[in-house]
Amino acid sequence: LPEDRRCGSGVHRVVDCASDGRAAAAERVAVSRSAYGAAVAAGGSAMRRAPVPSLSIPNRGTFSLTPRMTYATGLQLHQTVLDFGRRSGAVTLARARGAGATDNVALVQSSLAFQAIDAFYAVLLLRQSLRVQDEEIDALQQHLAVSRERASSGAVTDFDVLTTEVRVATARSQRIDVANALAQREIELRELLGVPAEQPLPLRGAFTLTPAGLQGDSLTSLALAQRPEMRLAREGEGAAAAARHVAAVGQRPSLGVDLQAGFRNGFEPNLDRLEGTWNAGVSLQIPVFDGGRTRDQVDEAEANVTAAQQHTRDVARQVEGDVQQALANLRASQDKLATSELQVEQADTALSLAETRYRAGVITNLEVLDAQTALAEARLLRLRTQYAFVQSRYALERAVGARPW
């Protein structure tokens, strides 16, 4: 499960962190688009002059050419009119990165969903395995009662009773292991679902054993089209290409309009009175030399594009391999289903015959115990085969990028 260390730990925190990343990416798009708007600033200043420039006229006195205190306040506006693709490139780059953040959320959600599905069916398997263990223990207990009755009548020795007691103890020990495994998987499922430990965990379901279509070529094409990892890789290519474009236009000129309006003093005939002022103009900036920075940035962006393309090819090979492995596992699981069902039927028949022959005194107690153990193992094997088939089905769905919800 992908997890950024900055996101902390916990299943739901990972989802929240991915969603926060998507929201941040959307804000970056808004920030880049704001460059199309005008920049407006308000300002003011106060300045004291010493000495004050003055003019002396004989017989007329001395006149100040500027006020001793100069005040100015107003608004400044700058609007970029043309920048030859720099703003549009920044918006394209922000959108490409935002698309990757959205697909990262889908990837995290899909991973958590399939993890929850696996935990659910594991709990289902262990609960049914626990019932099989209980049924085996009950059968062994009944056989133990028969063995003790026959031993008291002298039909068998105490060795038969002891052997059965050993089998009962072994079955109980195995049940403890299954119960512990069940408790561990239930803890995992509770964490994924956000269900507290004191709350019951009622689960209903069964192993769906419907055969699946196994068209490898079409499934591979579907996986390449809809796997979140493939979309992330392709969007990484797009983001790298957009970054290359932004780097390439970094040295292009920009044309803007400037407007200033406000109040200031220092005008004749009253130097201290504030007067309204304004000015407007056009500004043109043409970068001439930046020490080779733009060239180096373009080279770096080109290398990133090549790396992104190689990453996409690597992800495509991984996706194809995932599909082929999932198909192989699913085919093997389908083939085992019929065999496991037949094994249960044969083991059940063998146990019935063994019990009949044991009551007739034809076989020993050990052979009956072996038949009971074989039936329990066959039933557990059938459960594991069904679980493996369901796992393979969902593994194939995950490999092709299907949504489990």
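Colleague: In this predicted model, which residue does the side chain of Arg382 meet in a salt bridge?

Modeller: A salt bridge requires a side-chain nitrogen of Lys or Arg within 4 Å of a carboxyl oxygen of Asp or Glu. For Arg382, the N to O value is 3.1 Å. The partner of Arg382 in this salt bridge is Glu341.

Colleague: Which helices does this pair link?

Modeller: Arg382 and Glu341 are 41 residues apart, and the pair links distant parts of the chain. Arg382 lies in helix H7, whereas Glu341 lies in helix H6 (residues 293-359). The two elements are therefore helix H7 and helix H6.

Colleague: Is Glu341 buried, partly exposed or exposed?

Modeller: Buried means under 20% relative accessible area and exposed means over 50%, with partly exposed in between. Glu341 has a relative accessible area of 32%, so the residue counts as partly exposed.

Colleague: How many residues apart are Arg167 and Asp370?

Modeller: Arg167 forms a salt bridge with Asp370, and their closest N and O atoms are 2.7 Å apart. Arg167 belongs to helix H3 (residues 158-193) and Asp370 to helix H7 (residues 365-400).

Colleague: Which parts of the chain does the salt bridge between Asp103 and Arg231 tie together?

Modeller: The side chains of Asp103 and Arg231 meet with an N to O value of 3.0 Å. Asp103 lies in helix H2 (residues 86-152) and Arg231 in helix H5 (residues 228-248), so the pair ties together parts that are 128 residues apart in sequence. The parts in question are helix H2 and helix H5.

Colleague: How many salt bridges does the count come to?

Modeller: Besides the pairs discussed above, salt bridges also link residues in a network, made up of Asp118, Arg185 and Glu188. By the distance rule, the count of salt bridges comes to 16.

Colleague: What is the accessible area of the nonpolar patch on the surface?

Modeller: The patch is formed by Val81, Leu82, Phe84, Leu255, Val257, Val282, Leu284 and Ile286. Strand S4 (69-82), strand S5 (254-264) and strand S6 (275-285) are the elements that give two or more residues to the patch. Val81, in strand S4, counts as partly exposed at 45% relative accessibility. Together, the patch residues have an accessible area of about 700 Å².

Methods. Residues are numbered from 1 along each chain as its sequence is written. This is a predicted model: local features need pLDDT of at least 70, side-chain atom pairs count only at pLDDT 80 or more; totals for chains, interfaces and linings use all residues. Side-chain values use heavy atoms; hydrogens and water are left out. Helices (H or I, at least four residues) and strands (E, at least two) are DSSP runs, numbered from the N terminus. Buried means under 20% relative accessible area, exposed over 50%, partly exposed in between (1.4 Å probe, protein chains only). Patches are made of residues with over 30% relative accessible area and no salt bridge: like charges are joined within 9 Å, nonpolar side chains (Val, Leu, Ile, Met, Phe, Trp, Tyr) within 5 Å. Accessible areas come from the Shrake-Rupley method with a 1.4 Å probe; for residues, only the protein chains shown count as cover.
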